[in-house]
Each structure stands twice: as structure tokens, then as C-alpha cells.
Amino acid sequence: MQLYINGETRRVDQASSVADLIVMLSLTGRRIAVEVNESIVPRTRHATTTLNEGDRVEIVHAIGGG
């Protein structure tokens, strides 16, 4: 399946949900925000939000500082 992740075209075979994609990208446990097709996906819905061919996914890392 082809997805657009942070503006780049990527071919992924095993990601069927946002949670799967997070695992595939080695982002598990990190503070991130995910948007699919311009809609924010709450962390509680990562496992139930399915990805489809051509979806546009934006993943933003939270960075702390002071």
C-alpha cells in the first residue's frame, strides 16, 4: 500500500492501522501526534483507525525543553 507520510511517498506492506504504522516506524512509546487526511487521530483510536491506499499521514514528535 502506498501512503504519504510527512509529505513523502512510502510503500508499506504491513501497516493496516495507525498503531501498526507507529510500530513499523519504531515510534512506539514516543510522544507523537498523528493526523490522517487532515484529521487528528487521538491516541485512544490508533489501534482502530485503519489506513487505506493513498492516505496522507502526518506524524509530529513532541519535544520538551525549557
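1. In this predicted model, Val57 is in contact with Tyr4, Ile5, Asn6, Leu21, Val34, Glu35, Val36 and Leu51, leaving aside neighbours within four places in sequence. Val57 is also listed among the residues with the most contacts inside the largest nonpolar core.

2. That core has 17 residues, and Leu21, Val34, Leu51 and Ile59 are likewise among those with the most contacts inside it. Two or more core residues come from each of these elements: strand S1 (2–5), helix H1 (18–24), S3 and S5. As a general point, nonpolar side chains tend to be buried together in soluble globular proteins.

3. Ile59 belongs to strand S5, which covers residues 56–61. With a relative accessible area of 7%, Ile59 falls under the 20% limit and is therefore buried. When residues up to four places away in sequence are not counted, Ile59 touches Ile5, Asn6, Leu21, Leu25, Leu27, Ile32, Ala33 and Val34. The C-alpha atoms of Ile59 and Glu35 are separated by 6.5 Å, although these residues are 24 apart along the chain.

4. The sheet is open and is formed by 5 strands in the order S2-S1-S5-S3-S4, with mixed pairing. Strand S2 (8–11) and strand S4 (39–41) stand at the edges; each has a single partner strand, so one side of each is left without a neighbour in the sheet. From one strand to the next, the twist averages 35°.

5. Strand S3 (residues 32–36) and S4 run antiparallel and are joined by 3 bridges. Within this part of the sheet, Val36 stands opposite Ser39 in S4.

Note on methods: Residues numbered from 1 in each chain as written. Predicted model: local features only at pLDDT ≥ 70, side-chain atom pairs only at ≥ 80, totals over all residues. Heavy atoms only, no water. Helix = DSSP H or I, 4+ residues; strand = E, 2+ residues; numbered from the N terminus. Buried < 20%, exposed > 50% of the residue type's maximum accessible area, 1.4 Å probe, protein only. Contact = heavy atoms within 4.5 Å. Pairing = 2+ DSSP bridges. Axes fitted to C-alpha atoms, helices over the stretch in contact; angles between N-to-C directions. Core = buried A, V, L, I, M, F, W, Y, C linked by side-chain atoms within 4.5 Å.
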